[in-house]
Amino acid sequence: MEEKIEKVIESLGRRNIETELGGDPLGTEMILNVGPQHPATHGVLRLVLKLDGEYIVDAVPELGYLHRGKEKIAENMTFLEFLPHTDRMDYLAPLSNNTAYMLAVEKLFGIEAPKRAQYIRVIVSELSRIASHLVWLGTFAMDVGALTVFMWCFREREKILSIFDLVTGVRFTTSYTRIGGVAQDITDEAIHAIKEFIDNFPKELEQMEKLLNKNRIFIERTDGIGVITKEQAIDIGLSGPNLRAVGVPRDLRKDEPYLVYNELDFDIPVYEEGDCLARYYVRLDEMRESVKIVRQCIEKLPSGPVNADEPKATHPKKERIYTKMEELIHDFILTNFGGTPPVGEVYHAVENPKGELGFYIVSDGTGYPWRLKVRSPSFTNIQALPLMLKGYMIADLVAIIGSIDPVMGEADK
Amino acid sequence: MKDKVIEKLTSLFKDNIIEVSEFRGELTIVVKKEKILEICKFLKEDQELSFDYLVDICGVDYYREKNRFAVVYNLWSLKNKFRLRLKVYADEPDLVVPSVTSVWSAANWHERETFDMFGIKFSGHPDLRRIYMPEDFEYYPLRKDFPLQGIPGSIPLPGQEKVKIQRD
C-alpha cells in the first residue's frame with residue numbers, strides 16, 4: 001500500500017526535500033533578502049538576512065545603490081562649485097552639510113567667517129537638526145505602528161522648511177553657505193518666524209511625547225530591542241545620537257568646539273541602555289537642546305557683515321562686480337579657476353544630526369581639491385547594523401533600522 | 001598631548017616613523033606600511049594615549065612615480081579628545097597594506113571602500129569585496145587615470161554584452 005502511494009507521489013513530481021536541502025526538511029534556516037526597494041529600509045539599503053525561524057542569525061548590509069561618485073565629482077570642480085553636491089548627501093539636513101563643508105574649506109584656506117555669519121550658521125544647523133530628527137521621529141513611530149506622530153512631525157517640519165525659505169530662498173536644497181560667510185544676511189522677518197517657531201515647538205514636542213512615552217505598543221517594540229554595548233559601539237565606530245545612547249558622551253560641539261558653540265550653554269543628553277528606546281530619548285532631548293541653542297543665538301546675534309573680507313578666496317558682491325575693476329578680476333579668477341589654497345591637507349568634522357560628518361581635503365595648491373573624502377556618519381552607523389540585529393526577531397528589523405536613522409544619500413555618496 | 005604622541009612613537013618605532021608634520025594644528029605621522037598594524041595596536045592599547053575610536057580610513061592617489069598611493073587613518077582618542085592622522089604609502093605592483101580590522105572592527109567597511117575605489121588590497125581583511133561598485137567592475141574609479149565620465153561599456157545595460165576595451 002505504502003509503496004503504491006509513494007509511486008503515485010513520485011509520478012506527481014514531488015521533490016525529495018530531505019536530500020535536496022541537505023537534511024533540513026523543515027528549512028529552519030532561511031536566507032531572506034530585504035530591499036533595496038522596501039519602505040522600511042529608508043532608502044535603498046539592501047539587507048541579506050539569515051534567519052532561524054523568525055530570529056535573525058546574521059545580517060549583511062549591501063550598499064551602492066545610490067552611489068553617485070561625489071568624491072570623484074569633487075576633484076573636477078572648484079571648492080565652491082561642489083557646495084550644491086553637499087545638499088544631496090544628507091538630504092534631510094542640507095544646511096548642516098553646507099556648514100560642515102564650508103568649515104573644512106575655510107580651515108584649508110585659513111580664513112574665518114565673521115561672527116554674525118557664524119551665529120547664523122549655528123541657527124540654521126540647529127534648525128536642520130530639529131527638522132532631521134522630526135523626520136526620524138515620524139518615520140520611526142510609523143515603522144512601529146503610530147501613524148499620528150508622523151503627521152504631527154511633518155507639520156512641524158513644514159514650519160522649519162518655511163523658515164529656510166525665508167532665510168535661504170529655498171526650502172530644501174539650500175546651498176546657503178559660502179567660503180567665509182553665508183549667501184545672504186538673515187532678515188528680521190526670518191528672525192521673527194524663528195522666534196515664533198521655537199516658542200511653540202516645545203509644546204508641540206510635548207504633545208508628541210504624550211502619544212509615545214506611555215504607549216504600551218511603542219515601548220514594547222523599542223525597549224530592549226537592538227541593544228549594542230558600549231565596547232561594541234566604540235569598536236565599530238558608531239557616532240552621533242546612536243553613540244550617545246550607549247553612554248559615551250561624545251559630541252563634537254563640546255569636544256572640538258567649532259563656530260560659536262563654546263559661547264553657548266547647552267547639555268549633551270546621554271543614555272546608557274543602548275536600545276531603540278534610548279536612541280529615541282536621546283534624539284528627543286537633543287531637539288530641546290537645539291531649541292535652547294537657537295534661542296541663545298537669536299538673543300546674542302551680533303550685527304555686522306556676513307562675509308569675510310578675503311578677496312582671494314570669497315566671491316565679491318554682485319553690485320561691486322559691475323562697478324569695480326578689482327572685484328571684476330577677482331570674480332573672473334574665482335569663478336574660472338577657484339581660489340588658491342596652500343598645499344596641505346585638512347580634516348574638519350562637525351556634529352551632524354546623524355553623527356560625525358567630516359571632510360578630508362587634500363590640496364595641491366590649485367583651485368580644485370586633489371582629493372576630497374567625505375566621512376559620512378550613516379556609513380559607519382549602518383556598519384553596526386548586524387551587531388544590533390543579531391538575535392532579534394524579523395519584526396524588530398524595521399524598528400532597529402529606523403532607530404539608527406540611516407540616510408542612504410550620505411552612506412553611498 | 002601632541003608632544004607625548006610624537007615622543008612615544010619616535011622612541012618606540014624609531015626608524016619606522018618616516019615623517020611628522022603639522023598643518024592647521026593637525027598632526028600627521030607618516031609610517032612604514034609594514035609596521036602599521038603594530039603601531040595601531042600600540043596606539044589603541046597604550047593606557048595614556050588610548051586611541052580607541054577609528055574615525056575613518058581613506059585612500060589618496062597622488063599620481064606620481066614614487067609613493068603614488070596613500071592610505072590615511074584618522075584616529076580619535078575618547079579619553080584625551082585628540083585627533084591623529086596616520087599615513088602609509090604604497091606602490092604598484094605591491095599594492096598591499098596590512099589590515100587593521102583586528103584592532104578596530106570599524107576598519108572593515110572603510111578598507112573595503114578604499115579597495116573598491118583605489119584597488120589597494122588589505123592583507124588579513126576578513127571580507128574584502130567591492131562595496132559600492134558592481135562585483136564584476138574591472139576598474140578603480142577614484143584613481144586619477146580613470147576618467148570622470150567613466151569608461152563606456154564598462155557597466156553593461158541589462159541584456160547588453162559587456163564591451164571589452166583594450167587598455168594600453
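The legends below describe close-up views of a predicted model.

**View 1. The largest nonpolar core.** The largest nonpolar core holds 150 residues. A:A104, A:I123 and B:L75 have the most contacts inside this core. Helix α6 of chain A, residues 115-143, gives the most to the core, with 15 residues. In soluble globular proteins, nonpolar side chains tend to be buried together. Apart from its neighbours within four places in sequence, A:A104 is in contact with A:V346, A:H348, A:F359 and A:I361.

**View 2. The three-stranded sheet of chain A.** Strands β6, β7 and β8 of chain A form an open sheet in the order β6-β7-β8, with antiparallel pairing. The edges are taken by β6 and β8 of chain A, each with a single partner strand, so one side of each is left without a neighbour in the sheet. On average, and with direction ignored, neighbouring strands of this sheet are turned by 10 degrees against each other. Strands of a sheet pair through backbone hydrogen bonds, either parallel or antiparallel. Helix α5 of chain A, residues 94-109, lies across β6 and β7 of chain A. Relative to β6(A), helix α5 of chain A runs at about 150 degrees.

View 3. β6(A) and β7(A) run antiparallel and are joined by eight bridges. A:H348 stands opposite A:F359 in β7(A), and A:A349 stands opposite A:G358 in β7(A). The hairpin of β6(A) and β7(A) has four residues between the strands. In this hairpin, A:G355 takes a positive phi near 150 degrees. The pairing of β7(A) and β8(A) is also antiparallel and runs over five bridges. A:G358 has A:R375 as its bridge partner in β8(A).

**View 4. The two faces of β7(A).** Eight of the eight residues of β7(A) are buried, and the strand is mostly covered. In a regular strand the side chains alternate between the two faces of the sheet. From β7(A), A:E356, A:G358, A:Y360 and A:V362 point one way. A:L357, A:F359, A:I361 and A:S363 point the other way, and the residues of both sets are all buried.

**View 5. The side of chain A that touches chain B.** In the contact between the two chains, 30 residues of chain A meet 25 residues of chain B. The elements of chain A that each supply at least two residues of this side are α3 (70-74), α10 (230-236), β6 (344-351), β7 (356-363), β8 (371-375) and α16 (377-383). The residues of this side of chain A divide into nine nonpolar, nine polar and 12 charged.

**View 6. Helix α18 of chain A and the residue that follows.** Helix α18 of chain A, residues 396-404, has nine of its nine residues buried, so the helix is largely enclosed by the rest of the structure. The buried residues of α18(A) are A:D396, A:L397, A:V398, A:A399, A:I400, A:I401, A:G402, A:S403 and A:I404. A:D405 follows α18(A) and has a positive phi, near 60 degrees.

View 7. Most residues other than glycine have a negative phi, and most peptide bonds are trans. The peptide bond from B:E92 to B:P93 is cis, with omega near 0 degrees. B:P93 is found in the loop between β5 (82-90) and β6 (96-98) of chain B. B:Y63, a residue other than glycine, has a positive phi near 55 degrees. B:Y63 has its place in the loop between β3 (53-61) and β4 (69-77) of chain B. With 12 other C-beta atoms within 10 Å, B:Y63 is exposed. The phi of B:K81, again a residue other than glycine, is positive and near 55 degrees. B:K81 lies in the loop between β4 and β5 of chain B. B:K81 is partly exposed, with 13 other C-beta atoms within 10 Å.

**View 8. The annotated span of chain B.** At residues 29-150 of chain B, UniProt places the feature "domain: NADH:ubiquinone oxidoreductase 30kDa subunit", from an unreviewed entry. In the model, the end C-alpha atoms of residues 29-150 of chain B lie 34 Å apart. This span of chain B is 18% helix and 30% strand.

Note on methods: Residues are numbered from 1 along each chain as its sequence is written. Chains are lettered from A and ligands numbered from 1 in the order in which they are written. This is a predicted model: local features need pLDDT of at least 70, side-chain atom pairs count only at pLDDT 80 or more; totals for chains, interfaces and linings use all residues. A nonpolar core is a set of buried Ala, Val, Leu, Ile, Met, Phe, Trp, Tyr and Cys residues joined through C-beta atoms within 7 Å. A residue is buried if 20 or more other C-beta atoms lie within 10 Å of its own, exposed if 12 or fewer, and partly exposed in between; C-beta atoms are placed from the backbone. Two residues are in contact if their C-beta atoms, placed from the backbone, lie within 7 Å. Ala, Val, Leu, Ile, Met, Phe, Trp, Tyr, Cys and Pro count as nonpolar, Asp, Glu, Lys and Arg as charged, and the others, Gly among them, as polar. Two strands pair if DSSP finds at least two bridges between them. Axes are lines fitted to C-alpha atoms, for helices over the stretch in contact, and angles run from 0 to 180 degrees between N-to-C directions. UniProt positions are given in the numbering used here, feature names are shortened, and annotations may be inferred rather than shown by experiment.
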